[in-house]
Structure formats: C-alpha cells, structure tokens
Amino acid sequence: MEINEFKELTEAVFAAHKLKCELTEQMFDIFYKMTERLLSENEKYNLTAIRTVGGVIENHIFDSVLPAGGIPEGARVLDVGSGGGFPALPLATVRPDLKITALDATEKKVEYIRATAELLGLSNVTAVCGRAEELSSDGSEMREKFDVVIARSVASLATLSELCVPFLGVGGKFIAMKSEKAIHEAKEAENALYLLGCVQKCEIIKPYAVDPETDKLFMVTVKRTKTPIKYPRKYAQIKKKPL
C-alpha cells in the first residue's frame, strides 16, 4: 500500500469513530513506517494476530491514540504489557511531550520496540524487559515513578490493577483499555482498588461508539493515593486469589 492510500484509510478510520485528533504529515509518515515494519517483522517476533494494514490502523494505531487527550503535558507514562509497542509507539507519535516507557516480559518484543522507536525517531520511548509484579514491588526503582500507567491486557481489571497501580506516584492515573466487559469488571474490582489505595471508584469512558449498541472499547481510569508495600504480590498469588 502506498503512503497516500494509507493516509486516506487512516483518516477514514479516525473520521468514522469521530475522533478529533489532528495528524501531521510527519505523524502519517511515522504510522506508515510503523505499520510496514510490524507486518514485515511479525512472524519473527509474534507481535500480533492482525495481518492487514486496515487491521493495524483500526486495532493498534487508532486504539493507541485514544487516551492521548487525557494525559497531562510532559507526563511520565508506563505502558504495561506493550507487546509490539502498543499503545507506546503511536502515543509517542501524537504526544512527543510525553516520556513513555514500554514494559514487556518478553525480551525479543522489547528489542523490537527499541529498534522500532529508533528507526522512527521516537526518542521519547524507552523499552524495558521485566515482569510488572517484580518491577513495581517495594524497593524497586520503578515503583511510584509514573504519572500515568496504561494497559491493554486481557487480564481482569482486579489483576491489572494490582500489577499496574504500584507504579504510580500519588495522584497518578491508571488507564485500563477494556472491552464491553469493563462495567462488570469495574464493579468486581472495587475491593481491589480500595486495597491498592485508589482514591475514587472507576470512571468508565466510552471513547467511541460507531454503533451505540456495540461499544468496542472502554477506558477505565482510577487515581492513586498510597499503595501498601505488600502489593503487588507474587503473580502466582495474584492469579490464584485476586483481590
């Protein structure tokens, strides 16, 4: 696909979902190269099940920029379970003021993110390999160091919260990008969020809805006060007995 066709397709996706995000020519160029690289390197790194340009635009690039408007200027952002660099790489593209860390437990995916960020000139992206429950534990250099933590994981909100919230500084925001199960999960996660020191109940945002009856994506946001040092627990405990 030529870049002009890619640009038209990207604009159509953003317009269809009524997302107000002004993309510059430089941003389109970065997204184009990002998509080409993802599809060409996918088999080597096992980054995504998506195999088409349109699918990458819709399910990776578009979804990844949705939280951009709700993140403070110059924030330190952590993307937990970044995989192929989503939302880290697209978010860094539209918000060059952010300092973004992409965290994944698979070294080859972290290597891919590092190489891709360098190729695309995204100097505001750092990639780290490690497990969230270890890197956010008491005494870790990454604990309480971020203003915003984002996760697109399929794990339940209660589990995600225990893994992600300890990375936040006081007043920081956790954004979980979820499916239509978000409302149910938010209710189930109330006790977990209380134990983790979150100051308010979940705020559930429907970023877009092409069909009001089938909302595709929700953002669940919570703010943190102070997380007890005993959290997060070992992952085996988290999985066996969620908060």
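How far apart are the end C-alpha atoms of helix α3 (residues 53–65), and what span should its 13 residues cover? In this predicted model, the end C-alpha atoms of α3 are 17 Å apart. At 1.5 Å a residue, the helix should span 18 Å, so the two values agree. Helix α3 is also mostly covered, with 10 of its 13 residues buried. The buried set begins with V53, G55, V56 and I57, continues through H60, I61 and F62, and ends with D63, S64 and V65.

T35 counts as buried because its relative accessibility is 2%, below the 20% cut-off. Leaving aside residues up to four places away in sequence, T35 touches F6, V53, V56 and I61. Of these, V53, V56 and I61 are among the buried residues of α3.

A pair of aromatic rings is described by the distance of the centres and the angle of the planes. The model holds four aromatic pairs. One of them joins F14 and F62, whose ring centres are 5.2 Å apart and whose planes meet at 75°, so the pair is edge-to-face. Because F14 lies in helix α1 (residues 3–16) and F62 in helix α3, this pair ties together parts that are 48 residues apart in sequence. Both partners are buried: F14 has a relative accessible area of 5%, and F62 has a relative accessibility of 0%.

Y45 and Y112 form another aromatic pair, this one tilted, with 5.2 Å from centre to centre and 55° between the planes. Y45 belongs to helix α2 and Y112 to helix α5, so parts 67 residues apart in sequence are tied together. Y45 counts as buried at 14% relative accessibility, and Y112 likewise at 1%.

Helix α5 leads on to the strands. Strand β2 (residues 99–104) and strand β3 (residues 125–129) run parallel and are joined by five bridges. From β2, the chain crosses through helix α5 (residues 107–120) to β3, and this β-α-β crossover is right-handed. Within the strand pair, I100 stands opposite V125 in β3. Finally, an arginine meets an aromatic ring: R131 lies over the face of Y235, at 5.5 Å from the ring centre.

Technical notes
Residues are numbered from 1 along each chain as its sequence is written. This is a predicted model: local features need pLDDT of at least 70, side-chain atom pairs count only at pLDDT 80 or more; totals for chains, interfaces and linings use all residues. Side-chain values use heavy atoms; hydrogens and water are left out. Buried means under 20% relative accessible area, exposed over 50%, partly exposed in between (1.4 Å probe, protein chains only). Contact means heavy atoms within 4.5 Å. Helices (H or I, at least four residues) and strands (E, at least two) are DSSP runs, numbered from the N terminus. The expected span of a helix is 1.5 Å times one less than its number of residues. Two strands pair if DSSP finds at least two bridges between them. A crossover is right-handed if, with the strands pointing away from the viewer, the path from the first strand over the helix to the second runs clockwise. Rings of Phe, Tyr and Trp (its six-membered ring) pair if their centres lie within 6.5 Å; planes under 30 degrees apart count as stacked, over 60 as edge-to-face and the rest as tilted. A charge sits over a ring if NZ of Lys or CZ of Arg is within 6 Å of the ring centre and within 35 degrees of the ring normal.
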